[in-house]
Amino acid sequence: MERVDLFLGDEQPFFLRTRYDSVVVGKRIERRSNESDSARAAFARRLQGLFDAAGAPTLERVRSAAAARMSGARAKSHRGEVSAQRISEWRRGDRLPQTFDAVEPVLLALRAMVLARAETVPHELTDMTAWQKLWEDARAESDSSRPAHPSDTRSSGNEDRVIRLRDVAGGVHFHAAPSGAPPSGPIPQQLPGDVRGFVNRVVELKRLSDIMSRVGEDDSGVRVIAIVGTAGVGKTALAIRWAHSVRSEFPDGQLYVSLRGYAPAPPLSASGALLRFLQALDVPAERIPLGEESRSELFRSLMAGRRMLIVLDNVASVGQVRPLLPGTGQSLVLITSRNRLSGLISRDGAWRVSVRTLTSGESITLLRNTIAEYRDGDSDADLAELAAVCAHLPLALRIAAERAAGRPRMSLIQLIADLCDESGRWDALSSEEEADAVHTVFTWSYRALPDDAAQVFRRLGLHPGPDFGVHAAAALTGAGLSTIRRQLDTLVGAHLLEEIGHDRYQLHDLLRVYAADQAGIEETDEDQRACLGRLFGWYLHTSAAAVDTVRPSLPPFDLEPVDPTVDPLQFTDVSARDWYTSERSNLMAVAEKANDVGFHRIAWQIPVMVRDLGDGLDPRDIWVDIKRMALASAERHCDRFGEAMMRLLLATDYRLGARFPEARDSYDHAARIFGELGNGAGEAEAMNGAGLIALWARDMDAARDLLSQVLDIAERTDDQPLRAVALSNLGNVARDSGDIRNAEDLLTRSITLFQMLKRSLLESHTLFSLASALRSVGRLVDARDKVEQSLRIARTIDNPMTLAYALHELASIDLAESRAQEALISSRSAADIFKRLANPRQEAVSWGLSGQALGTLGRHEDAAALHEQAVIVHRGLNEHWLLAQDLDALASELEALGEPDEARACWVEASIVLSRFTDPVATRLRESVQAHL
């Protein structure tokens with residue numbers, strides 16, 4: 001255990017906590033197989049066990065992996081049978097295919113996923129002969145046999161969870177959570193405060209409780225209740241009130257998120273919501289994956305065995321919801337939406353509770369409860385008339401009641417008359433009574449505000465994001481901090497604004513639209529543009545202050561000036577990342593809005609500023625659409641520098657996403673523009689990216705030429721950081737070309753510069769590159785020293801990507817020293833990290849290293865399965881060099897298994913792939929492969 005703790009910290013990595021779940025699954029299957037049951041149910045249960053052992057992959061992922069294993073006539077024959085829907089049916093024991101050929105690719109795909117996660121796998125889960133016998137028995141079972149009940153096919157998730165595996169990785173013991181143990185870490189308590197003045201809804205509250213009781217009797221699926229109804233009818237209030245009443249039923253806590261489905265601002269994506277949930281469940285940032293699918297898988301794994309209440313507020317569509325559903329029925333999901341969510345009802349078994357407008361009596365009660373302390377003598381008839389004008393909508397009723405409470409000496413009849421006068425002004429806006437009533441009440445309350453508060457309210461409607469802080473509100477409205485706080489308190493008191501946290505606010509989506517309408521009516525175009533300019537400038541210059549804490553890597557440039565009255569925030573390195581995480585949605589919305597209203601320089605400067613802030617926090621493609629938008633804007637306005645910067649950023653996104661042709665074109669275009677502008681730093685940045693692509697393609701001459709030009713620019717301009725980067729990348733070219741003496745010199749010089757510049761991250765990268773070079777010539781002691789230095793730095797700076805790369809090299813050194821068990825630990829640690837970072841390329845490299853370790857241990861079938869899975873990934877990503885290496889390794893394992901024809905086919909393909917490379921290292925590998933033919 002010392003080796004793992006040395007490099008991965010006191011807390012074991014996720015894979016060490018879960019990799020042996022398959023053993024538990026096997027025990028459950030073995031125990032239950034003795035029970036009297038149908039063959040179809042046994043097949044379904046075994047298949048569910050295989051899914052569990054594989055980490056609960058999505059059906060689409062399994063379908064895709066299975067399809068990759070099918071070719072020719074077989075694929076054509078079974079195309080209709082192997083769909084996500086059919087696989088789901090098989091997992092229930094339903095509609096099993098006529099031939100085993102349709103099932104086998106699915107089983108093989110799942111087996112490979114299991115082997116990528118676990119060192120020890122129950123034989124019955126992966127034995128294809130046993131699977132075929134189980135399928136035959138299920139097919140032979142008469143149609144009159146009882147169908148497999150869904151509850152039979154789902155594992156309990158907690159029983160028999162304590163496992164001790166001895167003689168694994170040097171006697172290390174791994175423990176899963178004991179049955180019934182509470183989840184570690186803080187218990188999330190995310191429900192908003194209970195609703196003040198909530199009245200009635202007795203019928204709806206009883207129906208919600210009845211549904212919970214009914215679904216609680218059957219844990220065969222996820223428990224979901226959808227509260228649906230028109231805007232302003234009180235869906236959220238009902239959900240929060242009921243959630244508070246039943247929170248004691250969920251000892252593991254509550255999760256809450258507004259998905260902003262009907263807000264003017266962009267809706268919150270499922271990936272963004274999952275990020276918040278995983279953080280609430282105490283998952284360290286470096287272990288939160290970037291992709292939605294990976295986040296959803298991790299969320300389901302963490303929810304297994306927990307009993308939690310999950311509230312998804314303001315949902316627009318079923319697509320927003322499904323990735324957020326836990327995999328078991330122990331938790332309950334409560335949804336609010338204006339949409340009836342029919343797909344969730346029909347496909348996922350959700351229950352629907354429709355919320356009507358309040359009755360006249362209920363409306364009167366709500367009004368009386370609100371105004372009771374401020375006025376008396378109002379008759380039920382007058383209150384009923386006021387309620388009717390408000391269309392019995394709780395949102396409108398509360399605002400009207402607040403207005404009445406604020407004028408205790410004014411008769412209710414006069415207040416109603418004023419309200420009816422306002423109603424006439426909105427007749428043309430909507431033919432719907434409810435919408436008309438809402439607009440009328442909004443106007444009535446808005447016109448009662450003091451002038452300065454009214455101005456703040458309408459200007460807040462110009463904010464393009466979902467919520468805002470007090471500093472952003474000050475910039476937008478032009479008010480000082482003390483003044484804006486008073487005005488915001490006034491708006492909160494009038495129920496026109498909601499305070500959602502310390503110095504943080506949001507407008508109801510209907511009020512946001514209304515406020516923006518008022519700004520359009522009462523503010524001149526110049527005033528509105530000035531407001532937006534201050535807001536955009538505040539976000540841009542605050543981003544610049546934040547990025548200064550993480551040492552930006554892009555060429556310097558002049559920011560768009562900001563209004564002198566605007567006061568951007570200042571940061572420490574920690575608070576900068578926290579600010580970015582909380583403001584990411586606003587920053588994206590501001591960039592889009594800036595483009596729409598003609599602030600095109602700000603539109604491209606914001607994504608430039610946040611590139612380094614979002615490193616390791618954002619999904620890789622989250623800003624791509626905004627960058628493309630900003631690129632088009634820069635081109636329209638003939639902003640050559642802005643165009644070059646956007647092409648540079650997009651090229652890096654394309655390169656990291658393995659879209660190399662697009663990346664190469666973008667780098668080349670950016671380099672040309674920077675060159676024409678005489679911007680050497682930008683030109684060097686673009687040429688460096690192009691050189692890395694050439695290195696990926698193993699075009700060593702082109703890579704060396706491009707990176708040498710980068711070094712020349714660095715020397716000419718005395719740019720020491722650029723010089724260090726160029727030396728490091730040229731060292732990698734020399735290493736991959738087999739020129740190890742030159743590689744050692746270049747990489748050592750680079751490390752010295754990075755140390756002088758205190759660039760720890762790049763120092764760590766270069767150290768494991770040097771370790772790789774030294775390993776290739778058998779200097780294993782020196783190589784181990786360098787990689788251990790790299791690992792220590794990676795842990796110190798808490799960078800999971802660098803840690804995983806260094807673990808790859810450590811595994812390679814372990815293999816070279818015949819330490820297969822240790823290599824297995826390092827490679828699987830790396831695989832776990834790369835999976836969470838949504839990096840399938842490097843995750844597949846991890847599988848290849850694990851496959852080599854298993855082959856060394858004589859476990860050739862398991863090794864072949866891992867290499868086969870890596871081959872599929874590399875082939876799909878056009879990773880020709882990595883594909884050839886894993887094909888060669890797969891062929892060796894197949895030969896060891898006594899399958900010479902299959903081995904030869906792999907070597908033939910590897911030889912063909914390697915023919916595209918001409919460097920000495922590739923030539924030697926090709927000669928080795930051809931020696932087998």
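Okay, let's start at Lys835, which sits in helix α39, the stretch covering residues 820-836. One thing to keep in mind as we go: this is a predicted model.

So what does Lys835 touch? Leaving aside residues up to four places away in sequence, Lys835 touches Arg61, Pro289, Ser294, Glu297 and Glu843. Look at Glu297 in that list. The side chain of Lys835 makes a polar contact with the side chain of Glu297, at 3.1 Å.

Now salt bridges. How many does a search of the whole structure find? The search comes up with 39 salt bridges. Let me show you one of them, between the side chains of Asp137 and Lys133, at 2.9 Å from N to O. Both of these residues lie in helix α10, residues 128-140. Asp137 and Lys133 are 4 residues apart, and that's about one turn of the helix.

Two packed helices are described by the angle between their axes and the distance between the axes.

Pair one is helix α13, residues 270-280, with helix α14, residues 292-303. They pack at an angle of about 35°, and their axes are 9 Å apart. α13 passes α14 in a left-handed crossing. On the α13 side, the residues that meet α14 include Leu274, Leu275, Phe277 and Leu278. Among their partners in α14 are Leu298, Phe299 and Leu302. The residues of this α13 and α14 contact divide into 8 nonpolar, 3 polar and 2 charged.

Pair two takes us back to the neighbourhood of chain numbers we started with. Helix α38, residues 800-816, and helix α40, residues 840-856, have axes that come within 11 Å and cross at roughly 20°. So α38 and α40 are roughly parallel to each other, and their crossing is left-handed. Who meets whom here? From α38 we have Tyr805, His808, Ala811, Ser812 and Leu815, and they meet a set of α40 residues including Gln842, Val845, Leu849 and Thr856. The residues of the α38 and α40 contact divide into 6 nonpolar, 6 polar and no charged.

Last pair: helix α41, residues 860-876, and helix α42, residues 880-896. Are these two roughly parallel or roughly antiparallel? The packing angle is about 155°, with the axes 9 Å apart, and α41 and α42 are therefore roughly antiparallel to each other. The α41 and α42 crossing is left-handed. On the α41 side, His860, His867, Glu868 and Arg875 are among the residues in the contact. From α42, the contact includes Leu883, Asp886, Leu890 and Glu893. The residues of the α41 and α42 contact divide into 10 nonpolar, 3 polar and 4 charged.

Note on methods:
Residues numbered from 1 in each chain as written. Predicted model: local features only at pLDDT ≥ 70, side-chain atom pairs only at ≥ 80, totals over all residues. Heavy atoms only, no water. Polar contact = N/O pair within 3.5 Å; in protein donor to acceptor, adjacent residues only side chain to side chain. Contact = heavy atoms within 4.5 Å. Axes fitted to C-alpha atoms, helices over the stretch in contact; angles between N-to-C directions. Parallel < 35°, antiparallel > 145°, perpendicular 65-115°, else oblique. Left-handed = near helix turned anticlockwise from the far one by under 90°. Nonpolar A, V, L, I, M, F, W, Y, C, P; charged D, E, K, R; others polar. Salt bridge = Lys/Arg side-chain N within 4 Å of Asp/Glu carboxyl O.
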